[in-house]
Amino acid sequence: MTVLGGGFSMGSSAEPSTMNMSLGESLLHSALPAAAVESFPTFVSYVPGLLMDPGLFGLKLSRGLHVRLLATSGFPITYGSGESSAETFHDLPDFGATFEDDRPWNRGGWIYVSNSENRTRGNGAVGAITFNRHGNVIDYKRVLTGTRSNCGGGKTPWGAWISCEEFSQGRNWQVDPTGEKEGQIIAVGNDTNGFFESFAYDTRNFTSPHFFVTEDAPNGALRRWRPLAPDWSTPWKILVSEGVTDYLILHPDDRGDAGSYEWTSNLESSRQSAEANYPGSEGIEAHGNQLFFVSKTHKTLISLNLDNGSYTRESTRRGLFNGGPDQIKRIIGERQELLYFTEDGGKNGIHARDELGRYFTVLESEQSTSETTGLAFSPDHKRMYFAYQFDGQVFEAQREDGLPFWGLTLNVRYHNS
């Protein structure tokens, strides 16, 4: 490990990539409360955006990161005990998420769920890798089977995983990460079939919660679903109850980078707006009064203000991030918020955007041409999970200084443009 002020770590090669040496430098010191700082190590080695020469698995990692391979499609997963899973890991891993495991026998552990985008009818799935509190893998099994093209999804406030099918007859499924409850088709997106992609929610008002799903099609309308009578005493039933579906229409201003929006019951009008303004919508995240989603076709990040009917749009074509933005994840620390993106095309890496709109690259691959998928963070944000889909590989990245990904860093190498 590296002490504050210099040196190199075992997880990265000793020479930084020349491609990144010219990137603009800027300081990002997260001013944490004294109590939090005292609980952290006295060294910091992570330099986001300073990519090192390709190392293990052909990955170029930001200085101060190391990775391990967790799973490969078609092979059993090796547990921390040395034993192996009875089932082989599913193929074409796509969106993923983590959940705290509150079962009594695994207190402090967590579960990483991963979609399988197998496009053969009945061969789609959701797999679940279970970790103990030490981060050792202790179980793998499929918790949803018999589906097709399970692409994206999202988490619910009550700990369910929503898995979205992306094909002409696609539906959205509510999945129990432990596999103890049977999967259910939910009402969100059930107004029509579709190429569904990602799920998010706004539950600031518990009496009138809103749930959203994107559709990855040239005219895929973003849907908002509202349950008529949400019963929070039985939350697993909310998404299978009766509700109303609305569709998004954007009204750009003259410049095209902002405007107003409305929700309509007219699906065809929304499809026309989607084709013109947000075709191929994929990853989506909600935080406070902001709903973020990406148009992979236009390579833009769109932010809806859920309170005043306005929106903004910005390009994600920044520096090394020149592929299509796909999945997004948000993590929040004491003094900063980061929005992470996976990439389809370009160097197929993981990139991040801070609250000031500055972008940096966390990692990329020099040898894989596969889409980057499966981005998620452990509950303590100290482990980052991602996959290279067509390679069928799932990785875990950690900071060598042991800090969470929102914690203190050295100089961040931001993209110049």
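Is Leu-56 buried or exposed? Leu-56 is exposed, at a relative accessible area of 58%, where exposed denotes over 50%, buried under 20% and partly exposed the range in between (1.4 Å probe, protein chains only). The model is a predicted one, in which local features need pLDDT of at least 70 and side-chain atom pairs count only at pLDDT 80 or more, while totals for chains, interfaces and linings use all residues. Residues are numbered from 1 along each chain as its sequence is written, and side-chain values use heavy atoms, with hydrogens and water left out.

- Leu-56 sits in the loop between β2 (47–51) and β3 (59–63); strands (E, at least two residues) are DSSP runs numbered from the N terminus.
- Leu-69 lies 13 residues from Leu-56 along the chain, and their C-alpha atoms are separated by 9.8 Å.

**The four-stranded sheet**

- Four strands form an open sheet in the order β7-β8-β9-β10, with antiparallel pairing; two strands pair if DSSP finds at least two bridges between them.
- From one strand to the next, the twist averages 20°, with axes taken as lines fitted to C-alpha atoms and angles running from 0 to 180 degrees between N-to-C directions.
- Strand β9 (residues 124–131) runs antiparallel to β10 and is joined to it by 8 bridges.
- Gly-127 has Arg-142 in β10 as its bridge partner.

**Salt bridges**

- The structure contains 19 salt bridges, each defined as a side-chain nitrogen of Lys or Arg within 4 Å of a carboxyl oxygen of Asp or Glu.
- Arg-68 and Glu-396 form one of them, with their closest N and O atoms 2.8 Å apart.
- This pair links distant parts of the chain, 328 residues apart: Arg-68 belongs to strand β4 (residues 65–72) and Glu-396 to strand β30 (residues 393–399).
- Arg-68 is partly exposed at 31% relative accessibility, whereas Glu-396 is buried at 1%.
- Glu-117 and Arg-119 also meet in a salt bridge, at 2.8 Å from N to O; Glu-117 is buried at 8% relative accessibility, and Arg-119 is partly exposed at 45%.
- Lys-296 pairs with Glu-282 in a salt bridge whose closest N and O atoms are 2.9 Å apart.
- Lys-296 lies in the loop between β21 (290–295) and β22 (300–305) and Glu-282 in strand β20 (residues 281–287), so the pair ties together parts 14 residues apart in sequence.
- Lys-296 and Glu-282 are both buried.
- A network of salt bridges links Lys-60, Glu-364 and Glu-366.
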